Amino acid sequence: MNQKNPQPFLVAIVGPTASGKSALGVWVAERFSGEVVACDSTQLYRGFDVGTAKPRVEERRGIAHHLIDVLDPNDGATAGGYRDVALAVLEDLRQRERLPVLTVGTGLYLRALIEGLAEIPQRSEELRVRLRASAEEQPPGHLHNILRRLDPEAAAKIASADEQKLIRAIEVCLLARKPISEVHRAGRKPLEGWRVLRIGLMPPREELYERIHARTASMLGHGWMKEVQDLLKSGLSENAKPFDFIGYREVRAVLRNELSLDQAREAIQQATRRYAKRQVTWFRKEAGVKWFLGLGDDPELQAGVLDFLQTQGLEAGRGARKRGV
RNA sequence: GGACGGGUGGGUGAGUGGCUAAAACCAGCAGACUGUAAAUCUGCCGCUCCUUGCGGGCUACGAAGGUUCGAAUCCUUCCCCGUCCA
């Protein structure tokens, strides 16, 4: 990259679920010769459409969408795996001079992509099984004790009740044969070759919650139940990872008559609200985000986004093509 | 009209003389998180004051009185709600 050939832009839209990221993503892509790249751990899976709020064909308005429906429900998504496929997509868009517009629901995945991950061992199921088993036999705090021995620094940062994180930390220490804190200190490999513009959607809490409630009701009324029914009928294991996503458990309970539709709806709305709050917490500390305090489908907000992108140097109608001018 | 049961903090709901500003859960708020992340985990949560201390003051368990060193907890009356009997 030199002055005559500046780095292409990449737009990342972050925000809580139901804040209108998909709508804004398509809108931006339409104006800057872009393509949408989903950054969402759930939309990766094929077959789980309604409950994960994948943009429907008519909502995509002819804009290409990437990293949706790329995993089999029996596969397991990981931050590192996402990074790998996303890098390939970005390279493709660079070649074709299209503006990547990331719609980001999963903050960890965005960070993995932009800031990179440490050179770190992948998960080992065998090791995890063993650790989990020993944790059950031993008194509480056992895993924490193990980690404290392997890496006191990491142990100090993880609550002793947080089994999931403790297991990962221990796993890394054992496989890497050195403390995970040391592995982390060795650094990440950040994304290079792109000018990243971050746009954040932060609707007033009340408005967001209303959206969540309405969307949940609408999903339940528009095929979510049938989707789950069909997935189960297709022979997919009930243990497939995507069935753990918000709402799928409740929908299955309704199908088994263990829960009324009303109860399910309320439970799903509640879980979604909590999820949105966690996303907000994560995104709030994301650096370099230009925040917009509303919903992504609001024309006034969209005009503000357009204005912002243009002042950053993006040219309407040309997008990534700007380079090489 | 009579017989029971019940009225607790934003909600559900424990608590039946001091360890109770009151369990637990929900809601709410805030936060952590480098390979399960729609996951996992943590803190706060009546009001208020400051010298921020396992500190002080005030208010609080339907209402009003009373018993007691001390009451959400016991007594009296009243007001509500539910169920049953008339």
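The largest share of the surface near RNA strand B comes from α13, which gives ten residues. Here a residue is near a strand if its C-beta atom, placed from the backbone, lies within 6 Å of it. This is a predicted model: local features need pLDDT of at least 70, side-chain atom pairs count only at pLDDT 80 or more, and totals for chains, interfaces and linings use all residues. Residues are numbered from 1 along each chain as its sequence is written, while chains are lettered from A and ligands numbered from 1 in the order in which they are written.

**The RNA surface**
- RNA strand B is surrounded by 47 residues. The closest are Ser41, Thr42, Thr52, Gly80 and Ala159.
- Helices (H or I, at least four residues) and strands (E, at least two) are DSSP runs, numbered from the N terminus.
- By class, the surface near RNA strand B has 15 nonpolar, 17 polar and 15 charged residues. Ala, Val, Leu, Ile, Met, Phe, Trp, Tyr, Cys and Pro count as nonpolar, Asp, Glu, Lys and Arg as charged, and the others, Gly among them, as polar.

**The whole chain**
- Chain A has 14 helices and six strands.
- The radius of gyration of chain A is 21 Å, close to the 20 Å that the globule rule gives for 325 residues, so chain A is as compact as a globular protein of that length. The radius is taken over C-alpha atoms, and the rule is 2.2 Å times the number of residues to the power 0.38.
- The C-alpha trace of chain A spans about 65 × 50 × 35 Å along its principal axes.
- Of the 325 residues, 37% count as buried. Buried means that 20 or more other C-beta atoms lie within 10 Å of the residue's own; exposed means 12 or fewer, and partly exposed is in between, with C-beta atoms placed from the backbone.
- Take the contacts in chain A between residues at least 6 apart in sequence: 79% join residues at least 24 apart. Two residues are in contact if their C-beta atoms, placed from the backbone, lie within 7 Å.

**Helix α6 against helix α8**
- The axes of α6 (residues 142-150) and α8 (residues 163-176) come within 10 Å and cross at roughly 35 degrees. Axes are lines fitted to C-alpha atoms, for helices over the stretch in contact, and angles run from 0 to 180 degrees between N-to-C directions.
- From α6, the contact uses Leu143, His144, Ile146, Leu147 and Leu150. From α8, it uses Glu163, Leu166, Ile167, Ala169, Ile170 and Cys173.
- By class, this contact has nine nonpolar, one polar and one charged residues.

**Helix α4**
- Tyr109, Leu110, Ala112, Leu113 and Ile114 are buried in α4 (residues 107-114).
- The buried residues of α4 pack against β1 (9-14), β2 (34-39), α3, β4 (99-104) and β5 (195-201).
- Gly116 follows α4 and has a positive phi, near 85 degrees.

**The loop between β1 and α1**
- Gly15 lies in this loop. It counts as buried because it has 27 C-beta neighbours inside 10 Å.
- Gly15 and Gly105 are 90 residues apart in sequence, but 6.5 Å apart in space, C-alpha to C-alpha.
- Not counting residues up to four places away in sequence, Gly15 touches Lys21, Gly200, Leu201, Met202 and Phe283.
- Ala18 is also placed in the loop between β1 and α1 (21-31). Ala18 has a positive phi of about 75 degrees although it is not a glycine.
- Ala18 counts as buried, with 27 C-beta neighbours inside 10 Å.

- Arg177 sits in the loop between α8 and α9. Its phi is positive, about 60 degrees, although it is not a glycine.
- Arg177 is exposed, with 9 other C-beta atoms within 10 Å.
- Ser181 is found in α9 (residues 180-185). Ser181 is partly exposed, with 19 other C-beta atoms within 10 Å.
- Leaving aside neighbours within four places in sequence, Ser181 is in contact with Asp151, Glu153 and Ala154.
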